[in-house]
Amino acid sequence: MKFITYQYNAFKEGGILNTDSTKVIPLKTLGKLLNTSLPEQLTDFIEIASPDLIDKVKKTLSEHPELGISTQQIRLLAPIPQPKRNIFCLGKNYAEHAKEIKNIPTLVDLPENPIYFSKLPTAVTGPNTVVLSHPNTTKQVDYEVELAIIIGKAGSDIPKTDAEDYIFGYTIANDITARDLQKKHAQWYKGKSLDTFCPLGPAIIHKSDLPLPLALDIRSRVNGELRQHSNTSQMIFDIPSIISDLSQGLTLLPGDIILTGTPAGVGFAMNPPQFLKRGDIIEAEIESLGILQNTIE
Ligand code: MG
């Protein structure tokens, strides 16, 4: 099941795509079919999405293939347009990428423990939107395709073996970065948090469609040119390890977003370095999750 947030006429609401993604069934319509009231927004739905409710939703969808609004009539938004908390991120979680960016401060060759940082929730933007180049603030805007985990249940001190129970699903993120700010401030927070620096989407795939361990092709293209290409099986810290480690002494909440790091091939590590410029089209693609496309403005 692919969950989306979209605009239809004046409404911004959550829904589920049909099998060929030609139609979306609004969550509120599903609620009526289930004789219950479901939240209109996807972030609120994630908080109540028990395995039992997900089973009922799946069954109801299969019984009503005729229902839905044509996806031609909607505008896709980020599936979680306004995260309630900062977005958790991992740095250097693919070995080949760790090797290519040695000259960023605070980086060692290969991390023995996950490297965490965060992005402001206000950096989130949707698919098919512009990413601002902020020419007065940075000259070095770069892309990073990443698999994003969406947390579905509150928990702390989560054992690796239970990690999957705490996941709602997965989507694509582009961890857009101002390399000059990242270097200048030593802390990465600002260089990673400029407005529009976290494209997210197009949809959240429910975990029941992608059981762990994930081995998904992951790639990015700039103006059609392949820049990054790896597989999520190449992560140094895998998904259960990340959830278990991050949740030690720290309560993860439904709707939390965790970016799991980017593979090699960022523009900063090219010779000579290549940064994004106005008019560039970036595509972040992950097998089974789709393509997240944005244009630099
Ligand atoms: Mg990153």
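1. **Salt bridge across the interface.** In this predicted model, the interface of domain 1 and domain 2 holds 1 salt bridge. Lys 58 pairs with Asp 209, and their closest N and O atoms are 3.9 Å apart. That pair counts because the cut-off is 4 Å.

2. **The two domains.** Domain 1 covers 2–77 and domain 2 covers 87–296, according to the domain assignment. Their C-alpha centres are 26 Å apart. Contact involves 12 residues of domain 1 and 16 residues of domain 2.

3. **Area buried between them.** The size of an interface is often given as the accessible area lost when the parts come together. Here, domain 1 and domain 2 bury about 1100 Å² between them. Carbon and sulfur atoms account for 68% of it. On the domain 1 side, Lys 2, Phe 3 and Ile 46 lose the most area to domain 2. Together they make up 47% of what that side buries.

4. **Aromatic rings.** Phe 3 also belongs to an aromatic cluster, with Phe 45 and Phe 168. The count of aromatic pairs is 4.

5. **Charges over rings.** Look at Lys 28: its charged end sits over the ring of Phe 11, 5.0 Å from the ring's centre. Lys 153 lies over the face of Tyr 166, 4.6 Å from the ring centre.

Notes. Residues are numbered from 1 along each chain as its sequence is written. This is a predicted model: local features need pLDDT of at least 70, side-chain atom pairs count only at pLDDT 80 or more; totals for chains, interfaces and linings use all residues. Side-chain values use heavy atoms; hydrogens and water are left out. Rings of Phe, Tyr and Trp (its six-membered ring) pair if their centres lie within 6.5 Å; planes under 30 degrees apart count as stacked, over 60 as edge-to-face and the rest as tilted. A charge sits over a ring if NZ of Lys or CZ of Arg is within 6 Å of the ring centre and within 35 degrees of the ring normal. Domain bounds come from an automatic or database domain assignment. Contact means heavy atoms within 4.5 Å. Buried area is the accessible area (1.4 Å probe) that two parts lose on being put together, summed over both. A salt bridge is a side-chain nitrogen of Lys or Arg within 4 Å of a carboxyl oxygen of Asp or Glu.
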